[in-house]
Amino acid sequence: MSSLNGFSQHSGTCITQRAEGGAVQDLQAKKAGKAAKKEASNNGALTFESPPRVDALLNETLKLLPDELKANVKIKSITPRPPRKPRLERAASLDEKNWKRWRRFRTSQESLTDPNETSSSNGSLQEAALTSPIRGRGTTCCEPSSLHSSPDASEESPVGKSKGSTSDLGKRASEISTRPLPPMELNVASHTLRTANKIDPDLMDYRHYSQNKFGRVSNSLSDTRLHGNGIVYDNCSTDSMKSTFSLLTPIRSKDVRSRSYLEGSLLASGALLGAEELSRYFPDRNIGIFVATWNMQGQKELPENLDDFLLPTDPDYAQDMYVIGVQEGCPDRREWEIRLQETLGPHYVMLYSAAHGVLYMSVFIRRDLIWFCSEVEYATVTTRIVSQIKTKGALGICFTFFGTSFLFITSHFTSGDSKVNERKLDYNKTIQALTLPKVVPDTNPYRSSSGDVTTRFDEVFWFGDFNFRLNKDRETVDSILNQNPETGVSKLLAYDQLTSEMGRGSIFKGFQEADIHFRPSYKFDIGKDSYDTTSKQRTPSYTDRVVFRSRYRDDIQAVKYSSCPVIKTSDHRPVFALFRVKVRPGRDNIPLAAGQFDRELYLIGIKRRITRELQNRRQQKDQKSSSICSIS
């Protein structure tokens, strides 16, 4: 941009400063000003458009002009305009603008993994300063940038270089009294530090899901609460707190100071098993439970993949608790448990595991929930005459979760098509001889019976190989299954022994069973989908079952009841059921498990899981590298 007589041609440019020097310079300035008015009418080279305070600013400016510049000055009269806001108000509004922008950023639901968010925390102030409105083509006297542009322009002026006025003007410009710059943001955290606690990219939708479904999580700690209390903090510490509290509920200091939880009250503030803590984890007070039974036939070989068994694709989410009962289990029980841990992954831990001969039961629970479980107890019953042979009997595990007591029983009853009475005797012996609970108190002793263990718990799940058969010959059963597999199941259940006995009330009193829509789980040829083709030609039957009962009506809702036909290492197919179970708050005066779980199993299972994944990736890489492309 061209300049004349050492000044840039910017409309509306003004320089306010105090004249320096003695009285001689003031007198020379006045004389030069008068001469400038006369000569400006002839030359008219340079025109100053006066800002709001015309007289005062112009007089101060004319005093500072050198003699050779006053000759080119021309005064143009304009209509006065309303005064602009002082710089202090502008600075305050900018700071307030930046603060509001920060507040909107922290409370918004933007993605935590925005790749464009790479600037530092100071960038908000810089961006606001760079995007401030500019009037005309130059800068105004109220903008700090004019303080830097005027000396630069004067240095490039040829007149300033020849006459030596550049140094004088630079000294005067450097001595101009300026107002203080707006305060900087109290934020020195880099973007990397502020986003160090972001969740896994695979779970990017969890924040959005949790804010929609569990509003209590995102609103647990608000910035307004911090401001209202007058807390002094920086954005770095606030970001760290927010990232921590995005999933965990904040704990107030006064709640930590309270000792009311030792009283065992249901509604005490800070009670570990109380209603407040239960609502934080389960707003609807329902948990998901997976219950499965499988007769492994004592096979040493285990399935390569248990995903279809433990993690069926029909439900969108995994369950909160997994209970797996096994009859005629594999010889290596520890290997079986490792495979379960490997399949469920690091989100689950094995709360407890017990065995009675070849009867196994394992209880897995989400690792976040182990603190709300009581001590786990178990008991066994042998139903064979020779008690040393532990292939038939029952195994029970019980514990309290929050204020709801659970009992899980897996059994293997007497086999044989016609031995219905023997199986009913096994049931009666089990409910009488299973000595549970031992230490954990009964949640409702007034509704308990000393002769029936199932009445001493709120929720009871009984599953296993009950060995009840179909009272029909093999040919009839095959014809029903082959004609219409969908409607054939309901026809087969009309001949089911267990359904008939439960209808009479002679077994599993008070228990229910979900509707069956799967084919009989027994007896298959190993490794095939065909039923028994040996000379015995055993009739297909629903021997593997899951039944349940509750002290309170509608506490247990069956979600799914099915079998797993892809596992073919045994003559039985695994059978599983998914339930939604209501949980009630409890008291803290019960013996707690205090977060106990099988740590060794957890580490082995996770290591096995990682190793297997690395092997799969290596195999895929080798397959790609070994492929040969031919060009014809």
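**Notebook: helices and their neighbours**

I counted 22 helices and 15 strands in the protein chain; helices (H or I, at least four residues) and strands (E, at least two) are DSSP runs, numbered from the N terminus. This is a predicted model, where local features need pLDDT of at least 70, side-chain atom pairs count only at pLDDT 80 or more, and totals for chains, interfaces and linings use all residues. Residues are numbered from 1 along each chain as its sequence is written, and side-chain values use heavy atoms, with hydrogens and water left out.

I looked up burial next. Of the 632 residues in the protein chain, 42% are buried (under 20% relative accessible area, 1.4 Å probe, protein chains only).

Then I checked contacts (heavy atoms within 4.5 Å). Among those between residues at least 6 apart in sequence, 74% join residues at least 24 apart.

I turned to helix α20, residues 485-493. Gly-488, Val-489, Leu-492 and Leu-493 are buried there. Seen down the axis of α20, they fall within an arc of 135°, so they line one face of the helix; the arc is that of the directions from the helix axis to the C-beta atoms. Their cover includes α19 (474-483) and α21 (497-504).

Last, I looked at α17 (residues 333-344) and α22 (residues 599-626). Their axes come within 8 Å and cross at roughly 65°; axes are lines fitted to C-alpha atoms over the stretch in contact, and angles run from 0 to 180 degrees between N-to-C directions. Among the residues that meet are Arg-334 and Glu-335 in α17, and Arg-608 and Arg-609 in α22.

Technical notes:
Buried means under 20% relative accessible area, exposed over 50%, partly exposed in between (1.4 Å probe, protein chains only).
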